[in-house]
Amino acid sequence: MTMPPHGPTSYRPPTSSSCPYGTPPSAPVSNRLLPIHGAEFSADPRATYARLRAQGPIAPCELDRGVYAYITTTYRAALYLLRNTPTVFLKNPVHWQALRKGQVPADSPALMMMQPRQNALWLDGGAHSRLRSAITDSLEWVDTHALAASVARIADDLLTRLVNLERPDLVADFADALPMQVLIDMFGCPLDLGHAIVGAIAKLFDTTQDAAQANADLEAACLALTRLKRDHPGYDVTSWLVAHPARLTDEEMIQQILLVIGAGTTPCTNLIANALLLLITDDRFSGDVHTGVRPVSHALDQVLWEDPPISNYCPLYLREEHIYEGVRLLPGVPILVSFAAANSDPALAAGADRRAGNRAHLAFSAGIRACPAPDLARVISETAIERVLDRLPDLALNCSPSQLMRRPGTFHSGWTHLPVTFPRTAPAGTYPIGGSR
Ligand code: HEM
C-alpha cells in the first residue's frame, strides 16, 4: 500500500524521548506535529482540524507538551475506529506506551482524562459489557417526564437567583451548576450526600485544595450513597444499579457512579451553553424560537453538529501495527476520535444549513462505546434552555461575541462565560411544568 506523502511516518516530531514516531532529528517548524492543545488551538479548533485533515484521514498530533497521539480527521475514519472496537482497537489505557514508561507528566490534563480506571469507559471485552449493561439498564428506568420536571425545578431555582445578580452569567450561574444537581437528583442522593459530592468535585477542580483528600471524600460519599440504597432502595439510578443482575461490588458502584456523574455533567453544561449562545446571537434561531416556529431541539441539533460538547475523545489503542487508507498506525500510541472533525468533514453531503432533525452526527459517538444517554442529555439540555427562554425573554449577550472565550483544552468544547442582559421586569416566580416525582 502506498503511503500518502504527508502520512504520520513522513512526520518528524519535536525532540522528545516520549515521541512515538522514532527518534526525531531537529525538524523544520513546518513539519512539527500540530498541537491540539493551547491557546491557538482553542481559539480556532476547526482551522487545526482542516490542517490535520490535509495530512490524511488520521494524522499525528501533539496532545499536550511532549505527549503524542494520532487523531481522526474524517467522518469515515472516526466510524472505522468506532466500528472496529474492540476487534482491532482497544480502549484500555494500559496499552498506552508513554504512560507505561512514565513519560506522561503527572499534571498533564491528558493524564486526568485518559488514565486507566475501573469503570465502563476504560475497560474492554466482558468487563466493559458487564459494567455498561448495568449502566444502560439502570438509565433506561429513568422516567423522562419526571426528569424534565426535576430539571425545570432546578433551573427555576438557579434562575430565581440569577435574575437578582448584578452581572448574570449563563455559564457560571446556570449551565455549570444545573447538570450536576440534576444527576445527583437522578441518583436519589439525600441533601447531605449531594452537598458532599458537589463540594468534593469542586475541590478536585480547585488546584489550591488537597486533591487526594477531595478524592477520598468523593469516594466516601459515593460509598455512603451505595450503602444507603442497598439498605433502603428507592426509585433512582443508584438503587437500580445496586439491584442489577451484574451484582456490582461497593468499589464497582463507587466507580460507576463517578463515571456517570462525570460523563453526564460537563457535556450537558457545554451543550446548554453552546445552544444558548446560538439562540441568543443567531437570528435564524432567536427569531424562530421566540415565535415558536423553530423548536429548541433544532438549535441542539445544530450545536451537536457544529460544536459538539465533547470534541475529541475515545482514545483507542491498536493491538498491532495497522494501515488505514494508506496511513501506518503504530500500537501503543493513543488514537483520538475527533467528533468535531468528523462532523465538520467537508466530504459529508448534508450542508451546514440542512442539519435540523438530522442526527447522523457523531457528538454522542457510535458503536459499542456510544453514549448510553443521548435522550436523557437532550431532555436535560432542552428543558433547561426552555426555562431560560421562558423566564428571561428578550435575552441578549452583554458583550460582543468576539470577547467570549472558549474553555481551554483538547477534549471539551464550550464557553467560559456567557454574560447576559434582560429586561429587569421579567417575572421572578417559578413556572411548574407537567409531571411530578
Ligand atoms: C450533551 C451531553 C452528552 C454528550 C455530548 C455525551 C457524549 C458522549 C460521548 C462522545 C461518549 C463516548 C466517550 C468515549 O468513548 O470516550 C460518551 C460516553 C458516555 N456517556 Fe455521554 N454524553 C452526554 C451526556 C451524558 C449523560 C447525561 C450521561 C448519563 C446520565 C452520560 C453517560 C455516559 C457514559 C456512562 C459513557 C461511557 C459509555 C461506555 O464507555 O460504554 N452521557 N458520552
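**Figure 1. Pairing of strands E3 and E8 in the predicted model.** In this predicted model, strand E3 (residues 67-72) pairs with strand E8 (residues 335-338) in the parallel sense, over two bridges. Tyr 70 has Ile 335 of E8 as its bridge partner.

Figure 2. Pro 86 is placed in the loop between H3 and E4. The peptide bond that runs from Thr 85 to Pro 86 is cis, and its omega is near 10°. Most peptide bonds, by contrast, are trans.

**Figure 3. The shell around the ligand.** The ligand is surrounded by 27 residues, of which Lys 91, His 128, Arg 132, Cys 314 and Cys 371 are the closest. By class, 21 residues of the shell are nonpolar, three are polar and three are charged. Helix H13 gives the most to this shell, with seven residues.

Figure 4. An N or O atom in the side chain of Arg 132 is 2.7 Å from an oxygen atom of the ligand. For Lys 91, a polar side-chain atom lies 3.0 Å from an oxygen atom of the ligand. Two or more residues of the shell come from each of helix H6 (125-140), helix H9 (178-186), helix H13 (250-281) and strand E5 (312-318).

**Figure 5. The protein donor of the iron atom.** The SG atom of Cys 371 is the only protein donor of the iron atom of the ligand, at 2.4 Å. Cys 371 is located in the loop between helix H16 (339-343) and helix H17 (374-391).

**Figure 6. The backbone at Ser 365.** Ser 365 also lies in the loop between H16 and H17. Although Ser 365 is not a glycine, its phi is positive, at about 65°. Most residues other than glycine have a negative phi.

Methods: Residues numbered from 1 in each chain as written. Predicted model: local features only at pLDDT ≥ 70, side-chain atom pairs only at ≥ 80, totals over all residues. Heavy atoms only, no water. Near = heavy atom within 4 Å. Polar contact = N/O pair within 3.5 Å; in protein donor to acceptor, adjacent residues only side chain to side chain. Helix = DSSP H or I, 4+ residues; strand = E, 2+ residues; numbered from the N terminus. Nonpolar A, V, L, I, M, F, W, Y, C, P; charged D, E, K, R; others polar. Pairing = 2+ DSSP bridges. Donors = N, O, S within 2.8 Å, 3.2 Å for Na, K, Ca; no water.
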